[in-house]
Amino acid sequence: MTSRPTADAFVAELADLFAQLGNLHYGEDVSQLEHALQTAHHAKVDGAPPALVAAALLHDVGHMMQKAGENAADRGIDTRHEHISAGYLARAFGPEVTEPIRLHVAAKRYRVAVDPAYHERLSKASLQSLALQGGPMSPDEVETFLADPAAQAALRLRGYDEAGKAPEAEVAGFETYHDLLRDLIDRARRA
């Protein structure tokens, strides 16, 4: 069993990841870093608990870690970034952070299945990835999703995710989340 990284080391690792790869795009009109910061901003404005703010900030780190390239969706590849993100972050964070991240793609599939108007509001890149991710959920998948204890948090995260795609939005920088991330890592280490 590997030991959990210290809070300072893991936050530095995350900051470095965003510094090196945060300028990448994945089909949206914003960079990975801009999207992460906007998504976290919407969670904070909504009064989300710290773990959900962290999930909003970090939900797409798997896009930067996957090896298929920025244009994976254009080549018909589902990188399963949500699983990469959740697995990587589980090294330091507890399930209150990682489970909504793991389920944020499922939350999109759920929303499309139960609310046809939601489909119309998705960005072109989100529609493209939806097709690769399985499309709208079946009734059985809806039932399974809703039974998951993290489903409601994932649905909130999904809303912040969709709102976090505005070019040129002014939001706080990554460093403003360092203490929040450290606190959540320390809490997970004590659990």
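1. Helices in this note (H or I, at least four residues) and strands (E, at least two) are DSSP runs, numbered from the N terminus. P139 has its place in helix α9, which covers residues 139–147. With a relative accessible area of 68%, P139 is exposed, where exposed stands for over 50% relative accessible area, buried for under 20% and partly exposed for what lies in between (1.4 Å probe, protein chains only). The C-alpha atoms of P139 and A113 are separated by 8.4 Å, although the two residues are 26 residues apart along the chain.

2. A word on the basis of these values: the model is a predicted one, in which local features need pLDDT of at least 70 and side-chain atom pairs count only at pLDDT 80 or more, while totals for chains, interfaces and linings use all residues. Residues are numbered from 1 along each chain as its sequence is written, and side-chain values use heavy atoms, with hydrogens and water left out.

3. Two packed helices are described by the angle between their axes and the distance between the axes. Helix α6 (residues 95–114) packs with helix α8 (residues 124–132) at an angle of about 95 degrees, and their axes are 11 Å apart; the axes are lines fitted to C-alpha atoms, for helices over the stretch in contact, and the angles run from 0 to 180 degrees between N-to-C directions. The helices α6 and α8 are therefore roughly perpendicular to each other, a label that covers 65 to 115 degrees, whereas angles under 35 degrees count as roughly parallel, over 145 as roughly antiparallel and the rest as oblique.

4. Which residues of α6 and α8 make the contact? On the α6 side they are K108, R109 and V112, and on the α8 side S126, S129 and L130, contact being taken as heavy atoms within 4.5 Å. These residues divide into two nonpolar, two polar and two charged, with Ala, Val, Leu, Ile, Met, Phe, Trp, Tyr, Cys and Pro counted as nonpolar, Asp, Glu, Lys and Arg as charged, and the others, Gly among them, as polar.

5. The structure holds four aromatic pairs; rings of Phe, Tyr and Trp (its six-membered ring) pair if their centres lie within 6.5 Å, and planes under 30 degrees apart count as stacked, over 60 as edge-to-face and the rest as tilted. One of these pairs is formed by F10 and Y88, which is tilted, with 5.2 Å centre to centre and 35 degrees between the planes. This pair links distant parts of the chain, since F10 is in helix α1 (residues 7–21) and Y88 in helix α5 (residues 81–89), 78 residues apart. Both F10 and Y88 are buried.

6. F10 also pairs with F93, here edge-to-face, at 6.0 Å centre to centre and 70 degrees between the planes. Distant parts of the chain are again linked, with F10 in helix α1 and F93 in the loop between α5 and α6, 83 residues apart. F93 is buried, as is F10, and ring pairs link F10, Y88 and F93 into a cluster.

7. Helix α5 also holds E82, which is buried, with a relative accessible area of 6%. Not counting residues up to four places away in sequence, E82 touches I101, R102, H104 and V105.

8. Where does E162 lie? E162 has its place in helix α10 (residues 151–163), and E162 and T39, 123 residues apart in sequence, are 7.9 Å apart in space, C-alpha to C-alpha. Leaving aside its neighbours within four places in sequence, E162 is in contact with K108, Y118, L122 and S126.

9. A search of the whole structure finds 11 salt bridges, each being a side-chain nitrogen of Lys or Arg within 4 Å of a carboxyl oxygen of Asp or Glu. R158, D161, E162 and K165 are linked in a network of such bridges. D161 forms a salt bridge with R158, the closest N and O atoms being 3.3 Å apart, and because D161 and R158 are three residues apart in helix α10, they are separated by about one helical turn. Both D161 and R158 are buried.

10. In helix α11 (residues 178–190), D179 and R182 are likewise three residues apart, and therefore separated by about one helical turn; the closest N and O atoms of their salt bridge are 2.9 Å apart. D179 is exposed, with a relative accessible area of 53%, whereas R182 is partly exposed, at 24%. D115 and R121 meet in a further salt bridge (3.7 Å, N to O), and D115 is partly exposed, with a relative accessible area of 26%.
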